[in-house]
Amino acid sequence: MGLTSAVCSATNLASQLILQQAPAASWAGVNGGTTGGQKADAAHIITVSNRFELVSALEDAGDAAKIIQVKGTIDLSDGRPYQNFNDEKHRSQIKIPSNTTLFGITADAGFIHGSLVVKEVHNVIIRNLHIETPVDVAPHFEKGDGWNAEWDGMNIITSEHVWVDHVTITDGHFTDAMYKQKDGWPYVQHDGALDIKRASDFVTVSYSLFENHNKTMLIGHSSHNGAQDRGKLRITLMDNIFKNVIQRTPRVRFGKIHVYNNLFIGDRSDNETYKYMYSYGLGTEGSIISENNSFTISNLNSPCHILKLFSKDHSGSVIDHGSVVNGQPVDFSQCDVNSSVGWKVPYQYQLKAVSSLGSLSKEVGSGHLLR
């Protein structure tokens, strides 16, 4: 194939991928589906390579169907270090409007020094992007709990029909090992990788890599938010890798979470920076249907340590079919956990053989779609 033909083929592939909608085999694919900017006209297909272009493209289009093509790594701070809490809040949060497809068109496409915020919108697709979790320059101190950071890599708040696909979220250049001590506590500067909360609904996270992080994915932010969250927070996690993350994959309150064909890799004792604690955190009325997942956790004393129960009075529930922990079938019945989830998956889906999940490393995360 000549150079011109190769370039045309790559361009055609990118065009086809950018117009894809959320898979039917997931929560984002039901109840009307998730199409993002699929219906964008030529004037609303825009390539951006810096913060100004990105913000302008998003704001100018408003809720009209739009496809924003990200070229290269965008520094959301514009190379100007944040000075304080208010400065970081004002400049680092990039709000994504409704009817948007945000797609990385280069191998290095992504964001540093900031957050993507999907708030009070609908029909959003975010694909093929590398996100380095932001560093809070002014963490707040909570008595008895120490220093806590504020900003997440991505935050989905009160939004419906969101598809996150082939995204990498990692601490990147600033790891937890680099935290200093202040007033006798670790000066924690990372918060979540991806949080989904406040009645967000019909969300799918697929073929994404979560790596080198502590508080990975929080679903449902509070045990006191049931009036808003009950009946919402329907989320699919499929074909992802969670590697060297400490906890919350996910931690769930109120939601109905379908977790299938995922690979979990960690170490409970020898990883000094990202020492594994648990995978599924079951909070108030949260429920997980887990199927054909693989947990490879070194130095794990019991399969029950895959789980953590946060609420005894209104504990969440989990049921598993076909998953393995360090090569052995999962049996959560020995873990004193409620297995009555009370709902069924409403869509058709394909379970992969657990033995094949190792190949996900060649598929997940940013940069793989256009190869």
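Helices are DSSP runs of H or I with at least four residues, numbered from the N terminus. The exercises below use this predicted model.

**Exercise 1. Which helix gives the largest share of the lining of the second largest pocket, and how many residues does that share hold?**

Solution. 
- Start with the space itself. The second largest pocket holds about 200 Å³.
- List the lining. Arg 51, Val 55, Leu 58, Glu 59, Gly 62, His 90, Gln 93, Ile 94, Lys 95 and Pro 97 make it up.
- Place the elements. Helix H2 (51–61) and strand S4 (93–95) each supply at least two lining residues.
- Pick the main contributor. H2 gives the largest share, four residues.
- Sort by class. The lining has four nonpolar, three polar and three charged residues.

**Exercise 2. What is the volume of the largest pocket, and which residues are closest to its centre?**

Solution. 
- Take the volume. The largest pocket has about 910 Å³.
- Find the middle. Of its 33 lining residues, Ala 149, Glu 150, Trp 151, Asp 152 and Asp 191 are the closest to the centre.
- Sort the lining by class. It divides into eleven nonpolar, nine polar and 13 charged residues.

**Exercise 3. Is the ring pair Phe 210 and Phe 242 stacked or edge-to-face?**

Solution. 
- The model has 16 aromatic pairs.
- Check the geometry. The ring centres of Phe 210 and Phe 242 are 5.2 Å apart and the planes meet at 10°, so this pair is stacked. The cut-off for stacking is under 30 degrees.
- Locate the partners. Phe 210 is in strand S17 (residues 209–215) and Phe 242 in strand S20 (residues 241–247), so the pair ties together parts 32 residues apart in sequence.
- Check accessibility. Both Phe 210 and Phe 242 are buried.

**Exercise 4. What kind of pair do Tyr 278 and Phe 310 form, and what sits over the ring of Phe 310?**

Solution. 
- Check the geometry. The centres of Tyr 278 and Phe 310 lie 5.8 Å apart with planes at 65°, so the pair is edge-to-face. That class needs an angle over 60 degrees.
- Locate the partners. Tyr 278 is in the loop between strand S23 (263–267) and strand S24 (280–282). Phe 310 is in the loop between strand S27 (307–309) and strand S28 (317–321). The pair links distant parts of the chain, 32 residues apart.
- Check accessibility. Tyr 278 is buried at 2% relative accessibility, whereas Phe 310 is partly exposed at 29%.
- The charged end of Arg 251 sits over the ring of Phe 310, 3.6 Å from the ring centre.

**Exercise 5. How many salt bridges does the model have, and where do Asp 87 and Arg 91 lie?**

Solution. 
- Take the count. There are six salt bridges.
- Begin within a helix. Asp 87 and Arg 91 form a bridge at 2.9 Å, N to O. Both lie in helix H3 (residues 85–92), four residues apart, about one turn of the helix. Both Asp 87 and Arg 91 are buried.
- Turn to Lys 232. Its closest N and O atoms with Glu 160 are 3.5 Å apart. Lys 232 is in the loop between helix H4 (226–229) and strand S19 (234–238), Glu 160 in strand S12 (residues 160–170), 72 residues away. Lys 232 is partly exposed at 26%, and Glu 160 is partly exposed at 30%.
- Finish with Arg 230. Arg 230 bridges to Glu 285 at 2.9 Å between the closest N and O atoms. Arg 230 is partly exposed at 48% relative accessibility, and Glu 285 is partly exposed at 32%.

How values were computed:
Residues numbered from 1 in each chain as written. Predicted model: local features only at pLDDT ≥ 70, side-chain atom pairs only at ≥ 80, totals over all residues. Heavy atoms only, no water. Phe/Tyr/Trp six-rings, centres within 6.5 Å; stacked < 30°, edge-to-face > 60°. Buried < 20%, exposed > 50% of the residue type's maximum accessible area, 1.4 Å probe, protein only. Lys NZ or Arg CZ within 6 Å of the ring centre and 35° of its normal. 1 Å grid on protein atoms, 1.4 Å probe; cavity = no way out; pocket = protein on both sides within 12 Å on 5 of 7 lines; lining within 4 Å. Points joined across faces, edges and corners; volume = space filled by probe spheres on them. Nonpolar A, V, L, I, M, F, W, Y, C, P; charged D, E, K, R; others polar. Salt bridge = Lys/Arg side-chain N within 4 Å of Asp/Glu carboxyl O.
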